[in-house]
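Work through the exercises below with the sequence and the structure side by side, and try each task before you read its solution.

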Amino acid sequence: MSSARQDATRDRIETELVDPLSALGLDVEAVEISPAGKRRVLRVAVDKDGGVTLDDVADATREVNRVLDDSDVMGEQPYTLEVTSRGVDRPLTLPRHWRRNTDRLVKVTLTDGSAVTGRITGCDDDKATLDVSGTDRDVAYAEVAKALVQVEFNRKPGAGMHSDNEEEGA
């Protein structure tokens, strides 16, 4: 399948899925089609405020199957469907991505080539506020070339958080 045709198919699938998945309270974050031998793999990433549960993924999978069964968008060639959560490896590109990752550490590469790493403390439709070494710094989305959540394995529990090693009520 040509790249332009594949892009058109991906865009059409995304368009057809937005409203049905929105009715389930889910946002379509990505639609990817990749070859896998004689088949194709269709990956649909979904997200929502508060995160996606396994039940959400199961509901989304049923709905995506229903929409695709009622459509000719995938054509006759067989495919495998994978519905997943957004994952931390996807860049923050929309205000809702920043909002859903409040209190997470992010590395931001700015359009001028500089980089900043800080914890998201707040955001709105135009900018995010990061705590960079104890100082608030506003970063306008228009100035962001790339922003990725950083995985933290040894983060010390802060306000509102508790460690798995703490005993409840201790």
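A salt bridge is counted here when a side-chain nitrogen of Lys or Arg lies within 4 Å of a carboxyl oxygen of Asp or Glu. By this rule the count comes to 20 salt bridges, and the model in which they are found is a predicted one.

**Exercise 1. Describe the order of helices and strands along the protein chain.**

Solution. Begin with the totals: the protein chain has three helices and eight strands. Then follow the chain from the N terminus, where the elements run α-β-β-α-β-α-β-β-β-β-β. To finish the overview, note that the chain has 170 residues, of which 30% are buried.

**Exercise 2. Find which residues of H1 are buried, and what covers them.**

Solution. The buried residues in H1 are Thr 9, Ile 13, Leu 17, Pro 20 and Leu 21. Their cover includes strand S1 (27-36), strand S2 (39-47) and helix H2 (54-69). Now look from the side of helix H2, where Val 64 lies: Val 64 is buried, with a relative accessible area of 0%. Leaving out residues up to four places away in sequence, Val 64 touches Leu 17, Leu 21, Leu 81 and Val 83. Although Val 64 and Leu 21 are 43 residues apart along the chain, their C-alpha atoms are separated by 7.9 Å.

**Exercise 3. Compare the salt bridge of Arg 10 and Asp 7 with that of Asp 47 and Arg 100.**

Solution. First recall that side chains of opposite charge can pair when their charged atoms come close. In the pair of Arg 10 and Asp 7, the closest N and O atoms are 3.0 Å apart. These two residues are separated by about one helical turn, because they are three residues apart in helix H1. Arg 10 is partly exposed, with a relative accessible area of 26%, and Asp 7 is partly exposed as well, at 32%.

In the pair of Asp 47 and Arg 100, the closest N and O atoms are 3.5 Å apart. This pair links distant parts of the chain, since Asp 47 is in strand S2 and Arg 100 in helix H3, 53 residues away. Buried means under 20% relative accessible area, so Asp 47, at 12%, counts as buried.

**Exercise 4. Decide whether His 97 and Val 151 are buried or exposed.**

Solution. His 97 lies in helix H3 (residues 95-100), and with a relative accessible area of 3% this residue is buried. Not counting residues up to four places away in sequence, His 97 touches Glu 29, Arg 86, Pro 91 and Leu 92.

Val 151 is found in the segment after strand S8 (144-149). With a relative accessible area of 52%, Val 151 is exposed. Together with Val 88 and Phe 153, Val 151 makes a nonpolar surface patch of about 340 Å².

How values were computed. Residues are numbered from 1 along each chain as its sequence is written. This is a predicted model: local features need pLDDT of at least 70, side-chain atom pairs count only at pLDDT 80 or more; totals for chains, interfaces and linings use all residues. Side-chain values use heavy atoms; hydrogens and water are left out. Patches are made of residues with over 30% relative accessible area and no salt bridge: like charges are joined within 9 Å, nonpolar side chains (Val, Leu, Ile, Met, Phe, Trp, Tyr) within 5 Å. Accessible areas come from the Shrake-Rupley method with a 1.4 Å probe; for residues, only the protein chains shown count as cover. Helices (H or I, at least four residues) and strands (E, at least two) are DSSP runs, numbered from the N terminus. Buried means under 20% relative accessible area, exposed over 50%, partly exposed in between (1.4 Å probe, protein chains only). Contact means heavy atoms within 4.5 Å.
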